[in-house]
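Here's a quick briefing on the cross-links and charged pairs in this protein. Have a look at the structure, then read on.

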Amino acid sequence: MARAELEHALLVGVLAGLGGCVDPVEGKPLGGTVAEAGPGDSGGADGDGGGAGSPTADGEVESVGGESTVDLAAIADFYDWHTVHEIELELAAADWDALRLQTRSMFDLLAGDCMATAPTSPFTYFPAALTVDGTPVGSVGLRKKGFIGSLSTTRPGLKVDIDQYVDDQRFLGLEKLVLNNTPQDSTMLRTCFAYAYFRDAGVPGPRCSFAHVTVNGVDMGIYASVEAVDDHFAARTFGDRATPIFEGTLSDLRDGWMATFDPDTPAADPALLAPLAAAVADGSHAALAAAFDTEAIARFWVAEALLAHWDGYGWNNNNFFLTIDPSDGKARMLPWGPDATLSSWHPGGGLDWIPLTGELDRALARTEEGAAAYRSEARRQLDEVWDEDALVERLYEMEAVIAPWHSAPEAVDDMAALLRSRDDDMEGGLAGAWPRVPSTPREPLCMRELGTIDLAFSTAFGSATGTAAGGSCTGRFSWEGTEYSLEPGGAYAGRDGGTELLYCWHPFGSAQLLPYMTMPAGELRPGELAMDHTVHRSSLYYSEGGSGWNDISWVEGTLSLDAAGTTTGAPVSGRFSGILWEPAW
């Protein structure tokens, strides 16, 4: 093959093969770009992986200066999805740059002994002025939020702490605003739509509306404004602020997974989880019913299934809250991070009507009583709650609400079509035999170290898209203890939409290797850049015999650029060195 033909084939294969997020269950594209791919923001895209240590209780302030700070009717209106609220934020330009560039590293989360603790938040607060619907609120704390799939340096998810700098300051009685950017959902509707259905089904969940956000006068577009799940939420939902609530992020009630639960209220003592895990390990209906409200769990279980929530507890051990009601001491589950709902036609990889990844679901499914509860609850939701015509009408009503700011009609139509299929999937499952629960539970997603890589390259910007000539790349790598020298290969750099990319191509015996890096547009510039595999991504791809490119390693490393012009033909040169990790999925 001539060099020009090889470059073209390489470009077409790489960009086509890496152009979208992948459903970890069935390996099919979900949409988005390489830079956005991930296991869902825990808060899939909403979750935050809250932070180490015990949470601080919100103040018990119900009045300031003798006047009530809580306006329940106004709060209900604020979280009515029929309205788009105008949220304006102003802060120092340097603070905004520092805030938006803060990020997580995939390797901090999943490398090595990744199940040893809950994910910690790397984000810090900055002072900002908040205005809501034209009314100034005052000085607030503003920080970035997000987990893997929802991280962005240009349009980040945001958390507003109203009394971070002004004691007892409230907005309608609220202490926090949560603004989710939902970058993996092109409709921008899934978060509010899913929470509304959970509540329809009798599952307590945060309220949700839409917000049009500007920062320093720059239009950031539509966000999902989600009610914070904290002790105020606990008081409204369970009638008691001293309700333990734990956030689950790749978490489960079994050995090796329990440390990843993040306490989200002051009452959430991790010791409370041990009896729940013991009940799941026991597996008898008597033990499960003593520790859990099994009817409430069935409601949550079926609602996740009907919403095809592949990134929730049932199918991915992710994006959920576990709470213990003080009134009866029994545990329940609440939804979180549902921006991937109704996005996969096969959320269970074939068994699409009942999630059986979470250990609690698996334990219940093994009992006659648990099977009967799932069947009965599925029948109830299908007959009384899942009105597909009404749900599709709600979806298009939501689309009309945000239409002045955001439009994705084809994506909304796709979501509506998938929604209409869910009752058929559930009915088909209920008509058949009860499924056999797999004996082997899911393995943790922790990554194993495979080796190291070092590269030196020189090329021209535009070579990745064929508008400039490619350059050269040399280097070495180790794999499972064996050292290899890379044969001299080509180097390519350029821009694909909002993403800048830099990659090398090397022959490797009868195969080919492709070290490949992406970053947001504007970040390919001289200096050092840490490749975190969230916003700045690096992978090692392998191909043999025309079989396509396989992602054989994620790379944690440092890109050092001596030159990095971004006009066609500008030189791009430097070095890259890093650690090769086995991909988590």
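Helices here are DSSP runs of H or I with at least four residues, strands are runs of E with at least two, and both are numbered from the N terminus. Keep in mind that this is a predicted model, where local features need pLDDT of at least 70 and side-chain atom pairs count only at pLDDT 80 or more, while totals for chains, interfaces and linings use all residues. Residues are numbered from 1 along each chain as its sequence is written, and side-chain values use heavy atoms, with hydrogens and water left out.

**Overall picture**

- The protein has 14 helices and 24 strands.
- Of its 585 residues, 57% count as buried. Buried means under 20% relative accessible area, exposed means over 50%, and partly exposed is in between (1.4 Å probe, protein chains only).

**Salt bridges**

- Side chains of opposite charge can pair when their charged atoms come close. The rule used here asks for a side-chain nitrogen of Lys or Arg within 4 Å of a carboxyl oxygen of Asp or Glu, and by that rule the count comes to 23 salt bridges.
- Aspartate 383 counts as exposed at 55% relative accessibility, whereas arginine 379 is partly exposed at 31%.
- Helix 11 (residues 359-365) holds a pair too: glutamate 359 and arginine 362 are three residues apart there, so about one helical turn separates them. Their side chains meet in a salt bridge at 2.5 Å, N to O. Both ends are under cover, with glutamate 359 buried at 12% relative accessible area and arginine 362 buried at 2%.
- Arginine 236 and glutamate 227 make another salt bridge through their side chains, at 2.8 Å from N to O. Which end of this pair is buried? That would be glutamate 227, at 6% relative accessibility, while arginine 236 counts as partly exposed at 40%.
- There's also a network: salt bridges link Asp293, Asp325, Asp328 and Arg332.

**Disulfides**

- A disulfide is a covalent bond between the sulfur atoms of two cysteines. In practice, the search looks for pairs of cysteine sulfur atoms within 2.5 Å, and across the whole structure it finds three disulfides.
- Cysteine 114 is joined to cysteine 446, with an S to S distance of 2.1 Å. The torsion about their S-S bond is about -90°, so this disulfide is left-handed. Cysteine 114 lies in the loop between helix 4 (106-110) and strand 6 (126-132), and cysteine 446 in the loop between helix 14 (409-431) and strand 16 (449-460), so the pair ties together parts that are 332 residues apart in sequence. Cysteine 114 is buried at 10% relative accessibility, but cysteine 446 is partly exposed at 25%.
- Cysteine 192 is bonded to cysteine 208, with 2.0 Å from S to S. This link is left-handed, with -70° about the S-S bond. Cysteine 192 lies in helix 5 (residues 190-200) and cysteine 208 in strand 10 (residues 208-215), so parts 16 residues apart in sequence are tied together. Cysteine 192 is buried at 2% relative accessible area, and cysteine 208 is buried at 2% as well.
- Cysteine 473 and cysteine 504 also form a disulfide, their sulfur atoms 2.2 Å apart. Left- or right-handed? Right-handed, because the torsion about the S-S bond is about 80°. The pair links distant parts of the chain, 31 residues apart, with cysteine 473 in strand 17 (residues 471-479) and cysteine 504 in strand 19 (residues 499-508). Cysteine 473 is buried at 0% relative accessible area, and cysteine 504 is buried at 2%.
- Counting bonded cysteines along the chain, the pattern is 1-4, 2-3, 5-6.
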